[in-house]
Amino acid sequence: MELLIADNQNFHKSCFRCEHCRGKLSLGNYASLHGRMYCKPHYKQLFKSKGNYDEGFGQKPHKELWSNKNQENSSEKRTLRSQRITLQLFQND
């Protein structure tokens, strides 16, 4: 069996297929994202369907990741703020 190396992954030639349509791929007609291989038409179609590389390909949108980070940062700020207030009260006594 022939071996193909694409995106630092090894494939049997017959197993090198589009994640979406299962069509055979070659080294000249594929695109990869998050370790998954796609034919170029489906890669473009999936991007266009949601307008980004996450939602169109079944991943969590970056917006959700950013909102989670913002929530974590705001809770850290509240904790630091309450620690400063406690320290100030302690120093004033």
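The structure is a predicted model, for which local features need pLDDT of at least 70 and side-chain atom pairs count only at pLDDT 80 or more, while totals for chains, interfaces and linings use all residues. Residues are numbered from 1 along each chain as its sequence is written, and side-chain values use heavy atoms, with hydrogens and water left out.

The secondary structure of the protein chain consists of two helices and four strands, arranged from the N terminus in the order β-β-β-β-α-α. Helices (H or I, at least four residues) and strands (E, at least two) are taken as DSSP runs and numbered from the N terminus. Of the 93 residues in the protein chain, 20% count as buried, where buried denotes a relative accessible area under 20%, exposed one over 50%, and partly exposed a value in between (1.4 Å probe, protein chains only). Among the contacts in the protein chain with a separation of 6 or more, 13% are accounted for by residues 24 or more positions apart, a contact being defined by heavy atoms within 4.5 Å.

With a disulfide defined as a pair of cysteine sulfur atoms within 2.5 Å, the count of disulfides comes to zero. The closest cysteine sulfur to that of C18 belongs to C21 and lies 3.7 Å away, which is too far for a bond. C18 itself is buried, with a relative accessible area of 0%, whereas C15 is partly exposed at 42%. Both C18 and C21 are also in contact with H42, as is H20, when the neighbours of H42 within four places in sequence are left aside. H42 is found in helix α1, which covers residues 40-50, and is buried, with a relative accessible area of 17%.

A search of the whole structure for salt bridges, each requiring a side-chain nitrogen of Lys or Arg within 4 Å of a carboxyl oxygen of Asp or Glu, returns one such interaction. This salt bridge joins the side chains of E2 and K13, with an N to O distance of 3.7 Å. The pair links distant parts of the chain, eleven residues apart, since E2 belongs to the segment before β1 (3-6) and K13 to the loop between β2 (9-12) and β3 (30-33). K13 counts as partly exposed, at 46% relative accessibility.
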